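Have the sequence open next to it.

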Amino acid sequence: MRFEGIYTPLVTPYNDDFSVNEQALADAVDLLIGAGVHGIIVAGTTGEYYAQSFDERIWLMKRVHKLINGRVPMIAGTGDMRTENSIEYAKAARKVGADALLIATPPYSCPTGREVALHCLAVDRAANMPAMLYNYPGRMGVNMDEETLDRLGRSPNFCAIKESSGDINRLHLLARDYPHIQLSCGMDDQALEFFAWGARSWVCAGSNFAPEAHIALYQACVVEGDFTKGRAIMSAMLPLMRVLEQGGKFVQCIKHGLTMRGIPAGPPRKPLHPLNKDDKRALEEVIRTMNTAVAKITGEAK
């Protein structure tokens, strides 16, 4: 499988009682596909999988797959602390008809490179599907190190990696030493650098509410090869990325951004809490400013 374009880790809209808002979920999928994203990820961090039961995650896989209805690929996250649970999510994803898996390091246990590889290989054996690895040491506690990546070369199913470490040296390592693993940007404020080093996909939570801006950066850098235009778009997007990455309220910001588009994403599940009024106003101003600037750069300003 070739991963090219913008892949959105879909939020899970909730009602005030924290049940899934099914209409908002359907509207969010339609918004993304209508805007031109290239794929949708279910059970990513942005989807709050860590706060959902096993049955809820399986239900969401089935529901979103039905909503997408073959219009774009669906990638299903298998993240869990237990390998056995990740295997069950992978089997369910295959049964549902997902196009690929997102396989992350099990959090909290801090496994070694060998143990991470054995976890990923066990999931791979159970599902035998294309997979994007997910390296996010800030959440998981450890890197998918060279031992991990070398061991995973035994299976052709591991065809991409979402790199979210924020370490620019990791980007260089992956681009130079592991060219057979497709490089996918997982650190939003480094998107321009990822594209310069050959990445052709971007897994970006902000595309839940601003797919047009994210697609514009991908289009400029990857499709057109115009990095002057890309730098201008990236410059316009950086204030938003700073708010998302440095405020400690990532999911809350993504949900409020989607609500600004007229789709009520609802509150995050506890222990997280919604943005306060000041945070909402600040985010809204940053988004408005970004959209205006990107529209001027791409020639879409009215």
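Helices (H or I, at least four residues) and strands (E, at least two) are DSSP runs, numbered from the N terminus. Keep in mind that this is a predicted model, where local features need pLDDT of at least 70, side-chain atom pairs count only at pLDDT 80 or more, and totals for chains, interfaces and linings use all residues. Residues are numbered from 1 along each chain as its sequence is written, and side-chain values use heavy atoms, with hydrogens and water left out.

That loop between α11 and α12 (277–298) also holds A265. A265 is buried, at a relative accessible area of 0%; buried means under 20%, exposed over 50%, and partly exposed in between, with a 1.4 Å probe and protein chains only. A265 and P13 are 252 residues apart in sequence, yet their C-alpha atoms are 4.1 Å apart in space. Skipping neighbours within four places in sequence, A265 is in contact (heavy atoms within 4.5 Å) with T12, P13, Y14, K255, L258 and T259.

Over in helix α11 (residues 250–260) you'll find H256, which counts as buried at 12% relative accessibility.

| Residue | Phi | Relative accessible area |
|---|---|---|
| A43 | about 70° | 12%, buried |
| Y108 | about 75° | 72%, exposed |

A43 belongs to the loop between β2 (39–42) and α2 (54–68), while Y108 is in the loop between β4 (100–104) and α4 (113–127).

Now for some helix packing. The axes of α9 (residues 211–223) and α10 (residues 227–246) come within 8 Å and cross at roughly 155°. Axes here are lines fitted to C-alpha atoms, for helices over the stretch in contact, and angles run from 0 to 180 degrees between N-to-C directions. That makes α9 roughly antiparallel to α10, a label for angles over 145 degrees, with under 35 roughly parallel, 65 to 115 roughly perpendicular and the rest oblique. On the α9 side, the contact uses A213, H214, A216, L217, A220 and C221; α10 brings F227, K229, G230, I233, M234 and M237.
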